[in-house]
Amino acid sequence: MSCCAPAADPGAGILSSEELRHAARSLGDGTAQVELSVPAVHCGACIHAVEQELSRLHGVVSARVNLSTRRVSVRFEEEAPPPLSETLTRLGYPPHLFDDSALESDRTLKELVRAVAVAGFAAGNIMLLSVSVWSGAEAATRDLFHWISALIALPALAYAGGVFYRSAWSALRHGRMNMDVPIAIGVTLAYAMSLYETVHHGEHAYFDAAVSLLFFLLIGRTLDHMMRDRARSAVQGLARLAPRGAVVMAADGSREYREVREIAPGMRLLVAAGERIPVDARVESGISDLDCSLISGESRPQRIEPGGLVRAGTLNLTGPLLLEAAARAEDSFLAEMVRLMEAAEGGRSRYRRIADRVSAYYAPVVHLTALLTFLGWMAVDGDWHKALTIAIAVLIITCPCALGLAVPIVQVVAARRLFERGVMVRDGSAMERLSDIDTVAFDKTGTLTMGRPWLVNGAEIAPDMLSFAASLGAHSRHPLSQAIAQAAGGRAGIRDFDEIREVPGFGMEGRAEGSLWRLGRADWALGPDGDPAASDLSGTVLARDGRLCARFRFEDAPRPGAAFAVQALRQAGKSVEMLSGDIEANCRQVAESLGIPRYAAALVPSGKVARIAEIAEGGRKALMVGDGLNDAPALGAAHVSMAPATAADIGRNAADFVFLRDSLDVVPFAAGISRRAAGLIRQNIALAILYNVIAVPIAILGYVTPLIAAIAMSTSSLLVIGNALRLLGMREGASGAADTAPAMGPASREVEA
């Protein structure tokens with residue numbers, strides 16, 4: 001359904017061209033880009049109108065609307081700034097400068113719920129009065145009940161109908177049509193004719209029809225809104241990973257805290273353990289471990305030394321660092337991630353749902369039909385009262401109640417089925433998109449695997465050595481140290497150390513029983529000369545005075561149901577591949593164990609987005625399943641996306657589906673439910689159209705009063721609701737159309753499956 005909203009709050013002020021030029025960011029190639037907030041954008045028709053009109057302006061290179069954040073990004077030639085504000089205002093979408101911190105909370109849902117309550121209360125009371133009229137009330141009593149109904153209906157229509165009246169007026173005022181226009185006309189004419197009948201002591205008044213019509217329409221609109229407007233926080237959450245500022249060291253050694261926007265290349269920054277890197281920088285002094293899951297998605301920290309490059313948003317874990325800023329905040333890696341997310345969301349927002357495609361043709365057909373009916377009866381009979389009454393009946397009987405409920409009611413039922421299996425749906429259109437997929441791309445760490453390394457050779461290690469290692473590891477936040485401590489459990493006693501410390505980037509060391517014990521990197525723990533008994537100087541070891549005591553091997557356990565999910569999806573004809581930031585050897589091991597035929601290793605976030613784009617360019621539609629911060633752009637860029645509840649906040653916010661349980665078997669289940677839901681939506685739309693094909697000719701011939709039209713309209717709504725409930729009785733399983741995926745190219749590998 002179209003849901004064009006009224007213009008944004010005028011109190012916020014309309015932007016001047018000078019303000020727009022000041023807010024624009026130069027891209028360095030003769031073009032600039034500005035981000036504008038357009039709160040009045042609410043549907044696919046709005047997106048098309050804004051992008052089409054802005055693209056026609058001289059100097060505009062591109063214009064993209066992001067529906068989830070009500071945002072338009074415009075790139076234009078710096079020498080010829082176009083009249084963006086004037087054009088958007090003329091279209092009915094007055095712009096304001098976009099500010100991530102100023103995104104409004106959703107007040108529309110509260111307004112819709114209140115409108116449903118008012119319309120339902122009014123409809124129920126008017127129906128009770130109408131029963132007496134239908135039972136044959138005398139003239140004076142009938143008129144009294146009609147007047148009471150009129151007094152109840154007027155404020156109800158004014159308040160509850162405001163949702164449609166404002167939208168219809170906004171569309172008409174700017175030369176557009178939408179589905180709210182026939183609703184507003186039909187409701188208004190029904191009330192006006194009923195009031196005319198009441199004033200002239202007529203037998204028939206249709207106040208109940210007008211208010212009941214609004215009640216059913218508002219239910220559909222509310223359900224639709226609840227399913228549409230759930231995903232607006234991915235970009236905000238990603239941007240919040242950047243700290244507000246950092247401590248800057250001056251040439252004289254003094255220290256000053258500055259906001260991140262004030263940090264310029266060349267400044268020296270102090271970043272303590274536990275803080276995030278504010279901008280891309282190079283390490284001047286200090287050694288530490290960094291949590292780089294934002295970049296690679298891998299849970300194992302990476303050691304950083306002087307001269308190394310660190311990225312904005314990564315977390316400094318173990319030691320203080322002195323950095324030299326290499327870029328401004330707006331040019332950093334984290335800012336690039338935000339831009340990737342925005343571009344991905346903008347691309348997805350152009351997907352047009354089934355109801356949107358149908359509604360594009362609905363409004364003009366309804367208007368034309370009602371107008372021709374009125375003119376036809378005027379030509380045949382000449383009675384304007386009769387002609388107008390029949391035209392109103394046509395407007396009401398063709399009212400999009402069934403069509404309005406066709407999509408959201410199925411999505412609500414499908415969402416219930418998914419919730420029962422622990423799957424949360426963030427966006428109603430996601431189920432339609434999931435039903436179309438032919439390719440599934442999985443992240444590795446945290447998705448196909450649990451992302452929690454565990455010790456696999458603990459039984460082979462002497463208990464006393466395991467106790468020393470676990471006692472050292474218990475003092476560290478490093479995932480491998482924690483895995484050793486957890487594996488020891490109650491099998492190893494607690495060892496006391498005279499002194500214990502963590503050496504950033506290397507491991508833990510302590511003194512006990514007169515010896516120096518080290519747990520960590522083999523080349524460090526065994527000393528510069530190494531242990532002659534050690535065959536290599538790699539991996540994690542325990543050493544006593546430079547002598548090898550134990551070597552530890554770790555694995556990442558597969559997520560429950562991973563092999564089943566891969567097999568079920570492949571049997572359903574889906575192409576399955578793995579996209580990971582991990583090294584080649586680890587990726588190949590997981591791919592072989594789970595039966596995944598294609599994988600790509602060592603991918604950065606932009607590489608995953610590029611692979612998703614490559615899939616789309618090949619005419620295929622991909623489901624991306626990932627969990628890490630580095631997966632967020634790919635989750636947004638994919639045709640549809642899914643993440644576990646254990647994922648990073650950004651990953652969950654970017655995904656269309658979030659599954660609460662550990663098992664991956666919900667992936668083929670969700671695909672199967674979505675495919676069946678899409679089928680029921682098409683059936684409901686077909687039923688709504690069939691209803692109109694049968695009912696409209698009868699109404700045109702004058703055999704239907706507005707009251708009967710309202711009853712018929714309600715019956716059609718109940719019909720589509722009943723059809724949607726069939727989804728509750730459908731059996732589980734995955735299904736989908738088969739498609740053969742082409743090879744992934746030189747950067748990928750194929751394994752035998």
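I started with helix α17 (residues 463–473), which lies across β18, β19 (507–512), β20, β21 and β22 and runs at about 70 degrees to β20. Helices (H or I, at least four residues) and strands (E, at least two) are DSSP runs, numbered from the N terminus. Angles run from 0 to 180 degrees between N-to-C directions of axes, which are lines fitted to C-alpha atoms, for helices over the stretch in contact.

The model is predicted: local features need pLDDT of at least 70 and side-chain atom pairs count only at pLDDT 80 or more, while totals for chains, interfaces and linings use all residues. Residues are numbered from 1 along each chain as its sequence is written, and side-chain values use heavy atoms, without hydrogens and water.

Next I looked up the sheet. It is open, with five strands in the order β18-β19-β20-β21-β22 and antiparallel pairing; two strands pair if DSSP finds at least two bridges between them. β18 (499–503) and β22 (547–552) each have a single partner strand, so one side of each is left without a neighbour in the sheet. Five bridges join β20 (residues 515–521) to β21 (residues 540–544), and Gly520 stands opposite Val541 in β21.

Then I checked Asp143, found in helix α5 (residues 139–160). Is Asp143 buried or exposed? Asp143 counts as buried because its relative accessibility is 11%; buried means under 20% relative accessible area, exposed over 50%, partly exposed in between (1.4 Å probe, protein chains only). Leaving aside neighbours within four places in sequence, I found Asp143 in contact (heavy atoms within 4.5 Å) with Thr198, His201 and Gly202.
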